[in-house]
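I set out to record what the coordinates show about one chain and about its contact with a partner chain. The entries follow in the order in which I looked things up.

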Amino acid sequence: MDEILTNRVEDLRIKICSGKVKSKDIVKACFAHIKKIDSKIKAFLKLSEENSLNQALQSDDKIKAGAKCGFLEGVPIGIKDNIMVKGERMTSASKYLENYISPYDATVIEKLKAAGAIFVGRTNMDEFAMGGSTETSAYQKTANPWDIERIPGGSSGGSAAAVSAGMVPFALGSDTGGSIRQPASFCGVVGYKPSYGLISRYGACALASSFDQIGTFSKTVKDTALLTSIIAGKDYRDPVCEPKEWIDLHNIDDLDILRALKIGIPKQLLDYKTDVEITKHFNKAVNKLKLEGVKIVEIDVPAYRYVPALYKVIMCAEVSANIATFDGIRYGYRSPNGKSLNDEYAKSRAESLGYEVKKRILFGTYVLGAKNYYRCYHQAQRVRTLLINQITDAYKKCDFIFSPATLQMPVKFGETLSEECDIFLIAANLAGLPGITVPCSFTGLGVPMGVHFMGLRFSDAKLFQVANAFERISEFDVNKYPTL
Amino acid sequence: MLKEELETTAFLARIDIKEEEKRKYLEDINKMFDYIKILQEPDVTDLKPTTHVTELRNVWREDIVKPCSKEVIDQMLDGAPAKEGTFYKVQKVIEA
């Protein structure tokens, strides 16, 4: 692959702005690399080559003329296919939205456009982000760049694979129950889900609104912080998006941070069957942190055991409400076989939605019904409170909670991950906390494994400092790219 | 979940399910039900349910009608599977 693609965004943006590197060259290199390898990976659903090149030329002209550069002027980025870019098709990897053209920009897209970023294409995902392997996409299966017989994880598998294989330096994803951090960990890149309410979801396709957040993929924690600094911030169009205080995301270099840090490891980690290699590398990481002066404490969150079940109930309930908007009337697929209005709704949805989506809608509708509401939905919401209380208590003993990102390695296509695999990631969504996965090591499979740091709500800046410090001591080589 | 309950739920969710698909849905959904039984385990009667992690409150604003440009109206209607003038076209709702 072209060496220009190994640039980190922090360097690339400066090189472009100073005219040392032409945006045109980096964009051309991206497309050449994508064309060469994406037939094997299938990370992208759609590419915007002509547009991207035109934009790159414009950026280069602007720079040559001495005009003021955007913060990400001329830097290419991949966008998950559930985030709207005005005038572009957005499918959410569903047949229902096969011909849907976004009528407006998502807030994050508006901000990235203002910063001068170039959208090279739309990345593959599980249909409406429902899945953890990117296999429920109605269009294609994405492969893990480190082992193309394995899943990249999901639901943002396309973004993870694209960044991992060097097709784009960074990408956007969305995370409802680990959908950024799990594929990031499987593909050996940094994956970040912000505190609930730090980044606007306006213009993103909703899955479960009390969990959904837009977040980022990049090779390094610094690039993650950089991208976050552009897209974060209050937005009246997403009522939950109101960061309490402005978070300075630019200065994340604090080499001393580990020395005074207390990190909690959940006792419950021992309750689960964890891949032996993951355990081995995780323990090595813990020892490394200790050597840096980190104080490791054991924390007790018994409610972790309820995480997958309570996520299932609340997520499906919210899905059933959110997906009700897809009725085949105002946009999207309409069945030609409907005999009445109701029949038309039912057939439009039946013919265009995949099995996983329909199953979740049905389960969600059922747990919200009068018979089950109190016993299932209401109960789950109370157990959610229990979990949040226990996690809040745990933070009295530590600054961050540390765990392996997943309990399993990425499986082969068609195989399933256990219900508990992403439990430590999902807890962050249930409690609205920020979480970041950082590559830790390569395992014997030749596939990377990652670790997860979770902080208190709106501690995102400090989370980056800690993750950045870990990245420096991690044995994972961020300069290594998969050979394809 | 019983077969009749699946049928009612499918009607409520407006999803047409074919007879031959019902077995698989029932099997999978009942598996999910078995899995979530664990939520009955803890005593949470004293806890308030969490609907959101933010302290959401009502935001009031004046109800002002803003004009909408023809461009936006066209864009919105462009996505419609069927339309007439500036309206979405649907099947007859009231039967004669």
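Predicted model: local features only at pLDDT ≥ 70, side-chain atom pairs only at ≥ 80, totals over all residues.

Residues are numbered from 1 along each chain as its sequence is written, and chains are lettered from A in the order in which they are written.

I checked the overall dimensions. A compact globule of 484 residues would have a radius of gyration near 23 Å, and the 21 Å of chain A agrees (taken over C-alpha atoms; the rule is 2.2 Å times the number of residues to the power 0.38). The C-alpha atoms of chain A fill a box of roughly 65 × 55 × 45 Å along the principal axes.

I turned to the interface. Chain A contributes 50 residues and chain B 41 residues (contact: C-beta atoms, placed from the backbone, within 7 Å). On the side of chain A that touches chain B, α12(A) gives the most, with eleven residues (helices are DSSP runs of H or I, at least four residues, numbered from the N terminus).

I then examined one helix pair. L362(A), T365(A) and Y366(A) in α11(A) meet T9(B), A10(B) and L12(B) in α1(B).

Terms used. Contact = placed C-beta atoms within 7 Å. Helix = DSSP H or I, 4+ residues; strand = E, 2+ residues; numbered from the N terminus.
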